[in-house]
Amino acid sequence: MKFDATYDYGTTDLTENDNLVRWKFAELIKNLITLSSSAERQLEIMGIGAVCDEMALDFETYFILSYQAYLEVGFLTLDQVEQLKELERYFDDRSGDKSPDFWDESLLSTNPDWQVVREKVGTALEMLGMQNLEIEFERTVEYKITDRGKQLVMEAIKTRLRSRK
């Protein structure tokens, strides 16, 4: 099966398993690029919410729950899976109450554990041959004015992968 990182697999019929696997793999690559980015860029890409938690949950969704399919179609090798499983263990070692500072987005730029994440993910992207990709995105945010002030109603972020210029 072929994979083109810059193709928008979200426009394909995702009820077809091959398309779904490609789409999930593209989402994994987006997640890895986000995780490897600076704290400022991570916050910019992820938007409003619990950024640290969301990045880890996206990793769980697009890697942990799907890596077997990526192995089956040849998108990942066993060595690449092992490299990414190191990141899974790193997150697990800090989950719950074990390391509350790790999950505090206000510490994303100063917590040395997040620099370790960025380095681990940078190595993984190189192993995948995806280190020359970047994310571009469009954000739509809607607010409503209430008697308690401006309140967020909806935030939608559409992301795409592209080659670095």
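R41 is partly exposed, at 25% relative accessibility, where buried means under 20% relative accessible area, exposed over 50%, and partly exposed in between (1.4 Å probe, protein chains only). The model is a predicted one, in which local features need pLDDT of at least 70 and side-chain atom pairs count only at pLDDT 80 or more, while totals for chains, interfaces and linings use all residues. Residues are numbered from 1 along each chain as its sequence is written, and side-chain values use heavy atoms, with hydrogens and water left out.

The side chain of R41 forms a salt bridge with that of E44, at 2.9 Å from N to O; a salt bridge is a side-chain nitrogen of Lys or Arg within 4 Å of a carboxyl oxygen of Asp or Glu. E44 and R41 are three residues apart in helix α2, so about one helical turn separates them. E44 is also partly exposed, with 40% relative accessibility. Helices (H or I, at least four residues) and strands (E, at least two) are DSSP runs, numbered from the N terminus.

The structure holds ten salt bridges. One of them joins K30 and E27, whose side chains meet at 2.9 Å, N to O. Both residues belong to helix α1 (residues 17-36), where three residues, about one turn of the helix, lie between their positions in the count. K30 and E27 are both buried. Another salt bridge is formed by the side chains of K120 and E86, at 3.3 Å from N to O. This pair links distant parts of the chain, with K120 in helix α6 and E86 in helix α5, 34 residues apart. E86 has a relative accessible area of 34% and is therefore partly exposed.

Six helices and two strands make up the secondary structure elements of the protein. Their order from the N terminus is α-α-α-α-α-α-β-β. The radius of gyration is 17 Å, close to the 15 Å that the globule rule gives for 165 residues, so the protein is as compact as a globular protein of that length. Here the radius of gyration is taken over C-alpha atoms, and the globule rule is 2.2 Å times the number of residues to the power 0.38. Taken along the principal axes, the C-alpha atoms fill a box of roughly 55 × 40 × 30 Å. Of the 165 residues, 38% count as buried.

Two surface patches are described next. Patches are made of residues with over 30% relative accessible area and no salt bridge, like charges being joined within 9 Å and nonpolar side chains (Val, Leu, Ile, Met, Phe, Trp, Tyr) within 5 Å. Accessible areas come from the Shrake-Rupley method with a 1.4 Å probe, and for residues only the protein chains shown count as cover. Lys and Arg count as positive and Asp and Glu as negative, with His and the chain ends not counted. The place of a charge is taken as NZ of Lys, CZ of Arg, CG of Asp or CD of Glu.

A patch of negative charge on the surface gathers D53, E54, D101, D104 and E105. Among these residues, D101 lies in the loop between α5 (78-93) and α6 (112-128). D101 is partly exposed, because its relative accessibility is 48%. A nonpolar patch on the surface is formed by I48, V141, Y143 and L152, which together have about 330 Å² of accessible area. Y143 is placed in strand β1 (residues 133-146) and is partly exposed at 41% relative accessibility.

The loop between α5 and α6 also holds S109, a partly exposed residue with a relative accessible area of 48%. S109 and Y9 are 100 residues apart along the chain, and their C-alpha atoms are separated by 32 Å. L128, in helix α6, is buried, with a relative accessible area of 13%. Between L128 and Y9 the C-alpha to C-alpha distance is 19 Å, at 119 residues apart in sequence. A50 is located in the loop between α2 (39-46) and α3 (51-64) and is partly exposed, at 36% relative accessibility. The C-alpha atoms of A50 and F25 are 23 Å apart, with the two residues separated by 25 residues along the chain.
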